[in-house]
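Q: I have a model open and want to go through it with someone. Can we take it piece by piece?

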Amino acid sequence: MVLSPEIQGADRIREVFARVRGGDATVADLYAEDAVVTYGAGAQVVGRDQIRGFYQHAIDAMRAEPDVEAVLESPPLYVAV
């Protein structure tokens, strides 16, 4: 499932976290094929396939329940806190 293109920016970031909270690995479909996700102390995953694996691991191993307190916007970059 790919998110509707009219949902952008901070709303898209919130959708990412909503899918992870819901255990929905289709979260990777919200990213471009060549997207980069940076996390932790500079670690990163590159490309939708690696991103899918990253989120699947988080969902399986941690039963992650992230919540978005704020989204820092500097398009085209978005940072969730």
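Q: Which residue forms a salt bridge with Glu-15?
A: Arg-19 does, and the closest N and O atoms of the two are 3.0 Å apart. Keep in mind that this is a predicted model.

Q: Where do Glu-15 and Arg-19 sit relative to each other?
A: Both are in helix α1, four residues apart, so about one helical turn separates them.

Q: Is Arg-19 buried or exposed?
A: Arg-19 is buried, because its relative accessible area is 4% and the cut-off for buried is under 20%. Glu-15 is partly exposed, at 24%.

Q: How many salt bridges are there by this rule?
A: Four. Another of them pairs Arg-14 with Asp-11, at 3.8 Å from N to O. Those two also lie in α1, three residues apart, which is about one turn of the helix. Arg-14 has a relative accessible area of 42% and is partly exposed.

Q: What does Glu-33 pair with?
A: Arg-48, through a side-chain salt bridge of 2.6 Å, N to O. This pair links distant parts of the chain, 15 residues apart: Glu-33 is in the loop between α1 and β1 (36-39), and Arg-48 is in helix α2.

Q: Is Glu-33 buried or exposed?
A: Exposed, since its relative accessibility is 53% and the threshold for exposed is over 50%.

Q: Step back a bit. How many helices and strands are there in the protein?
A: Two helices and four strands. Starting at the N terminus, the order of elements is α-β-β-α-β-β.

Q: Which way do β1 and β2 run, parallel or antiparallel?
A: Antiparallel, with four bridges joining β1 to β2, the strand of residues 43-46. Val-36 stands opposite Val-46 of β2.

Q: What about the turn in that hairpin, which residue there has a positive phi?
A: Gly-40, with phi near 60 degrees; the hairpin of β1 and β2 has three residues between its strands.

Q: And how many bridges join β3 to β4?
A: Four, between residues 71-74 of β3 and residues 77-80 of β4, and the two strands run antiparallel. They form a hairpin with two residues between them. Ser-74 has Leu-77 in β4 as its bridge partner.

Q: Now the inside. Which residues make up the largest nonpolar core?
A: There are twelve: Val-16, Val-20, Val-27, Ala-28, Leu-30, Tyr-31, Ala-35, Val-37, Val-45, Ile-51, Tyr-55 and Ile-59.

Q: Pick out Val-27. Where does it lie?
A: Val-27 lies in the loop between α1 and β1. Its relative accessibility is 0%, so Val-27 counts as buried.

Q: What is Val-27 in contact with, leaving aside neighbours within four places in sequence?
A: Val-16, Arg-19, Val-20 and Tyr-55.

Q: What separation do the C-alpha atoms of Val-27 and Arg-48 have?
A: 9.8 Å, with the two residues 21 apart along the chain.

Q: And Ile-59, what does it touch, not counting residues up to four places away?
A: Val-20, Gly-23, Asp-24 and Ala-25.

Q: Last one, overall numbers. What share of the residues count as buried?
A: 31% of the 81 residues. As for contacts with a separation of 6 or more, 38% come from residues 24 or more positions apart.

Technical notes
Residues are numbered from 1 along each chain as its sequence is written. This is a predicted model: local features need pLDDT of at least 70, side-chain atom pairs count only at pLDDT 80 or more; totals for chains, interfaces and linings use all residues. Side-chain values use heavy atoms; hydrogens and water are left out. A nonpolar core is a set of buried Ala, Val, Leu, Ile, Met, Phe, Trp, Tyr and Cys residues joined through side-chain atoms within 4.5 Å. Buried means under 20% relative accessible area, exposed over 50%, partly exposed in between (1.4 Å probe, protein chains only). Contact means heavy atoms within 4.5 Å. Two strands pair if DSSP finds at least two bridges between them.
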